[in-house]
Amino acid sequence: MKICIDEVPQSPKEIEFSESTEELNEIYRRSKHRDFSFPASLDVELVYYRSGRDIFFDGRFRGALKGRCGRCLDDYDFVLDKEFDFVLAPDPSKLARGAEELHRDDLGLSYYSGDEINLAPLIAEQVLLALPTTPLCSDACRGLCSGCGTNRNKGSCDCAAGGSDPRMGIFRTLKVGR
């Protein structure tokens with residue numbers, strides 16, 4: 001979805017559209033970490049307006065994604081439903097100003113140049129920021145047995161329960177509360 005800069009109103013304008021996730025799927029296909037796969041598109045609701053030369057965006061995206069659990073390695077489905085907001089300011093390199101020091105408020109800014117804004121990379125960035133850092137099928141996932149590799153969510157194994165780590169042996173010899 002592209003928005004013409006000259007057509008951005010000063011009063012909020014609301015739009016709804018579907019954004020393709022083909023590029024996001026390609027990023028994860030090329031990656032050695034294939035933790036997520038995306039549906040063909042995500043539903044996006046967006047409100048945008050201008051104040052001076054800055055353009056403000058408030059929105060939300062929704063979609064059913066697939067993840068691979070970081071503990072048990074099973075695939076699972078989950079819904080990603082997140083709100084986002086960002087501000088686009090005119091590209092400072094395109095303006096005839098000298099070098100300026102960045103202030104704390106400037107760190108959240110992104111810039112635009114040209115006659116239109118392509119929303120696809122901006123929304124893709126918001127989706128990537130909203131993904132969980134460690135995908136889990138559930139908070140109670142027990143993961144894989146470190147001895148035999150059995151998925152402990154689906155059954156138990158014959159490995160020694162509570163086997164101690166030999167690297168921690170030195171701590172068992174410490175005397176506490178002398």
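Rings of Phe, Tyr and Trp (its six-membered ring) count as a pair if their centres lie within 6.5 Å; planes under 30 degrees apart are stacked, over 60 edge-to-face, and the rest tilted. By this rule, the structure holds 9 aromatic pairs. The model is predicted: local features need pLDDT of at least 70, side-chain atom pairs count only at pLDDT 80 or more, and totals for chains, interfaces and linings use all residues. Residues are numbered from 1 along each chain as its sequence is written, and side-chain values use heavy atoms, leaving out hydrogens and water.

**Aromatic residues**

- Y28 and F38 form a tilted pair, 5.8 Å centre to centre with 55 degrees between the planes.
- Y28 lies in helix 1 (residues 22–30) and F38 in the loop between strand 3 (36–37) and strand 4 (41–51), so the pair ties together parts 10 residues apart in sequence. Helices (H or I, at least four residues) and strands (E, at least two) are DSSP runs, numbered from the N terminus.
- Y28 is buried at 16% relative accessible area, and F38 is buried at 8%. Buried means under 20%, exposed over 50%, and partly exposed in between (1.4 Å probe, protein chains only).
- One aromatic cluster is formed by Y28, F36, F38, Y76 and F78.

**Helix 1**

- L24, N25 and Y28 are the buried residues named in helix 1.
- Viewed down the axis of helix 1, its buried residues fall within an arc of 100 degrees, so they line one face; the arc is that of the directions from the helix axis to the C-beta atoms.
- The face turned away from the buried side of helix 1 carries the exposed residues E22, E23 and R30.
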